Amino acid sequence: MGICENILASLDRSPKDLTIYKDLMAYLAHEHVAERTKHTELLEARKRISRALRAGWADARSLEALGGMLRDALTMDAVHDLDAFMQAMEFDREPEERLWLPRRSHLMVLCQALQWFETDKKAELLSVSMPPRTAKSSTACMAMTWHIGRNQNPSNLMTAHSGKLTKHFYEQLIAFMEDPTYRYKEIFPDAAIVHRSAEDESFHVGRRRAYPTCTCRSVNGTLTGAVEVGEGGWLYSDDLVEDLEEAMSPRRLESKWEAYVNQCYDRRKKGSKQLMVGTRWDVADPIGRMVGLHDGEPGFRVLTIPALDPKTGESNFDYMYGLGFDKHYYLDMERTTDKATFAAKYKGVPMVREGQLFNPDELERYLTLPQGEPQATIAAVDTKGTGSDYAAMPILSRWEGYSKWFLVGCICDNAAPDVVNGRLANAIVNHRVQQARFESNASGGAYADAVAKMVADAGHLCSIQKKYTMSSKQTRILAAQPWIISNIMFPDAGLYSVGSDMERFMGQLTGYVLEGKNPNDDAPDSLAMVADMLLKPRTARARAVARPI
């Protein structure tokens, strides 16, 4: 029996003897300096110290001493074990401010998968799918810093659908490695950042090399000659598919796959590894295609954690301190989200959508608007109902010499009516809308009157009409679909940002299906109103009257 085993056996016989704990830590510290520590020994030490902290026999001074021992044991084990690393990193932070510990019990399966990915020599590809905002990306980013601390030699690449997202990754990595509230420099004292570039979103660790230790760059960014993924390095992609609209477009999915393969995948050297994280939007998304190529290989794993546990029905992401999401949140999302989208975002099951009326590839796009002032600018408003219903107002302009209407702006908002009405009025004024039609069902007439007053008070002249509709939304949208596709020019996806009104509007439009649930059909319905406006213009009836004079 070795020295460590003897000390551990003594602790098992006398678990309240603080002197034995001190002997154990002295031995482990000696071995750590000599670089002979073993994860198995450190793990057993951590277990016994944690057990003593929970047992209730220690007084205040003993608790403080045991806490310091746990801190040291985690720090020494951090080189070997990702779980120990993430605990050690945040040991000095306030409990509610920590990333890992409040989520540890729920995300241990993710931690174990990342541990395998880093330490198993046969590991080549790991795919991770989890619901949005469950800390999968932040956990993977912390794992990336662990990987860099363990091995500073290979270069690594982090990529995503946009530069905004990769900038966030870059800033998060820098914070993990340099923010003094994290303990990265204590854990990996030889892994200091020696050069970094916020412009290039890259940094060198230990010493400068031909390629940065880590580069963060969008999948469509300039990568040739600037990066490589070295032997043992990580090619980490996160959310390559931007949103529902892109997922609904076979052409854009194919373009994204080609960009990933030609810009990122071909930057790998022999022995590099591939980590793919993101929502499984479609069977033909980059994760799906890569999974299809490697399925069944020994170095390949797929990790999918659904929102709700299929056995218990409970949330898999109801974290401590009120973080995460409980069962009721996900059940509500299931009620308000169409089946295919919920399956993709919250179950990790890629969608196969049928009955799509507005395929993104069939919509004609523009990159720039015609010169000069438009001949006419109109708007239609599908007014907000109750709950999560949206107010949708497309604004369309037509220029001389063009037969088609250009979608130049929109409002797509489910905020309180007073807020939405103000935004509608401002948009009508700012775009110089000449004619607007409001759906007058339910409270729509009152909203039209309120907006008309705001527009008039702003000094803008606009004919605001109200119209009551009798037909169902689906009937109106289906009837208007050919006209919408043939007569409207839509902005290119690069012209609007994530989270904008236009992104929500286009997502609702391209996500509308004939078969299945459409929780937000306000955008296509508002365009159906536009079609009705232009195809059935109001006419005035003339009648003869006696001459007044």
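Predicted model: local features only at pLDDT ≥ 70, side-chain atom pairs only at ≥ 80, totals over all residues.

Biologist: Is K466 buried, partly exposed or exposed?

Modeller: The class follows from the relative accessible area, with buried meaning under 20% and exposed over 50%. For K466 the value is 38%, which lies between these limits, so the residue is classed as partly exposed.

Biologist: Is R48 buried or exposed, and which residues does R48 touch?

Modeller: R48 is found in helix 3, which covers residues 39-55. Its relative accessibility is 12%, and because the limit for buried is 20%, R48 counts as buried. Leaving aside residues up to four places away in sequence, R48 touches L8, L11, D12 and Y21.

Biologist: Which strands stand at the edges of the open sheet?

Modeller: The sheet has 8 strands in the order 3-4-5-2-6-7-1-8, with mixed pairing. Each edge strand has a single partner strand, so one side of each is left without a neighbour in the sheet. From one strand to the next, the twist averages 10°. The edge strands are strand 3 (193-197) and strand 8.

Biologist: Which residue in strand 8 stands opposite V128?

Modeller: Strand 1 and strand 8 run parallel and are joined by 5 bridges. The residue in strand 8 that stands opposite V128 is L303.

Biologist: On which residue is the kink in helix 6 centred?

Modeller: Helix 6 spans residues 104-119 and has a kink of about 30°. Its buried residues include L107, L110, C111, L114 and W116. Among the elements against which the buried residues pack are helix 5 (82-89), helix 7 (136-150) and strand 1 (125-129). The kink is centred on L110.

Biologist: Which element of the protein chain has the lowest mean pLDDT?

Modeller: The protein chain averages a pLDDT of 90, and 94% of the residues score at least 70. Among the elements, helix 5 has the highest mean, 98. The lowest mean, 82, belongs to helix 10 (residues 244-247).

Definitions and conventions:
Residues numbered from 1 in each chain as written. Heavy atoms only, no water. Bend = angle between axes of the 7 residues up to and from the residue. Helix = DSSP H or I, 4+ residues; strand = E, 2+ residues; numbered from the N terminus. Buried < 20%, exposed > 50% of the residue type's maximum accessible area, 1.4 Å probe, protein only. Contact = heavy atoms within 4.5 Å. Pairing = 2+ DSSP bridges. Axes fitted to C-alpha atoms, helices over the stretch in contact; angles between N-to-C directions. pLDDT = per-residue confidence, 0-100.
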